[in-house]
Amino acid sequence: MPPRYAQVIVDVPLAQPLDYALDAAAPSEGVIGLRCIAPLGRRTSIGVIVGIGDRPAIDPSKIKPIKNVLDEIAPLSTHWLQLTRFAADYYQHFWGEVALPALPRVLRSLPGPRYAQSMARLRARSLARWSDPAVPPVNLTSEQSAAIEALTSSAGFAPHPLYGITGS
């Protein structure tokens, strides 16, 4: 089996993802979007795997292996990766500098003594947010309903100026 390389974004000002060697034991599918611990100079950093390839951009002898793939949560979706890439391009920042700070603090920090507690708290908060039956349904006014109907019935891109009180 030929060696595989992961393209990883990290929170540093780099234009392109960095290449790291993937362990032969790493799964061949579902790796894109997973967080990982990657060596970065003399330190280690959290990164996100954004691609897999069999040819690195630099000399293979200079490539370091990923220290660990963090798979305790589902991989970040391709939609999320595309959104962060778009935001980085739009605001003229590097992809890793936009994507990593967009994650909750526990997901962008290296695992330590309180890591398991923080992950459990994040999961509990996430479940509570989506399963709270106490959230009342939203009652829209006739003007709001008409605006939503106009937005959802249009095909393609079209500007829709809304008039009224901000936040209503």
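**Notebook: fold, extent and cores of the chain**

I began with the secondary structure of this predicted model and found four helices and five strands in the chain. Reading from the N terminus, I recorded the order β-β-β-β-β-α-α-α-α.

I next looked up the overall dimensions. The C-alpha trace spans about 65 × 40 × 30 Å along its principal axes. For the radius of gyration I noted 21 Å, whereas a compact globule of 168 residues would have a value near 15 Å.

I then turned to burial and surface. Of the 168 residues, 27% count as buried. The chain exposes about 12000 Å², and carbon and sulfur atoms supply 59% of that area.

For charge, I noted 16 positive and 13 negative side chains, with the centres of the two sets 12 Å apart.

Contacts followed. Taking those between residues at least 6 apart in sequence, I found that 62% join residues at least 24 apart.

Which residues have the most contacts inside the largest nonpolar core? I listed Ile9, Val48, Val50, Trp95, Leu100 and Leu103, in a core of 17 residues. The elements giving two or more residues to this core are β4 (43–53), α1 (78–90), α2 (95–99) and α3 (115–130). Of these, β4 gives the most, with three residues.

I examined Val48 individually. Leaving aside residues up to four places away in sequence, Val48 touches Gln7, Val8, Ile9, Gly33, Leu34, Arg35, Leu76, Leu81, Leu100 and Leu103.

Finally, I recorded a second, separate core of 13 residues, among them Ala26, Cys36, Ala38 and Leu40.

Definitions and conventions
Residues numbered from 1 in each chain as written. Predicted model: local features only at pLDDT ≥ 70, side-chain atom pairs only at ≥ 80, totals over all residues. Heavy atoms only, no water. Rg over C-alpha atoms; globule rule 2.2 N^0.38 Å. Buried < 20%, exposed > 50% of the residue type's maximum accessible area, 1.4 Å probe, protein only. Contact = heavy atoms within 4.5 Å. Areas by Shrake-Rupley, 256 points an atom, 1.4 Å probe, with all protein chains shown as cover. Lys, Arg positive; Asp, Glu negative; His and termini not counted. Charge placed at Lys NZ, Arg CZ, Asp CG, Glu CD. Core = buried A, V, L, I, M, F, W, Y, C linked by side-chain atoms within 4.5 Å.
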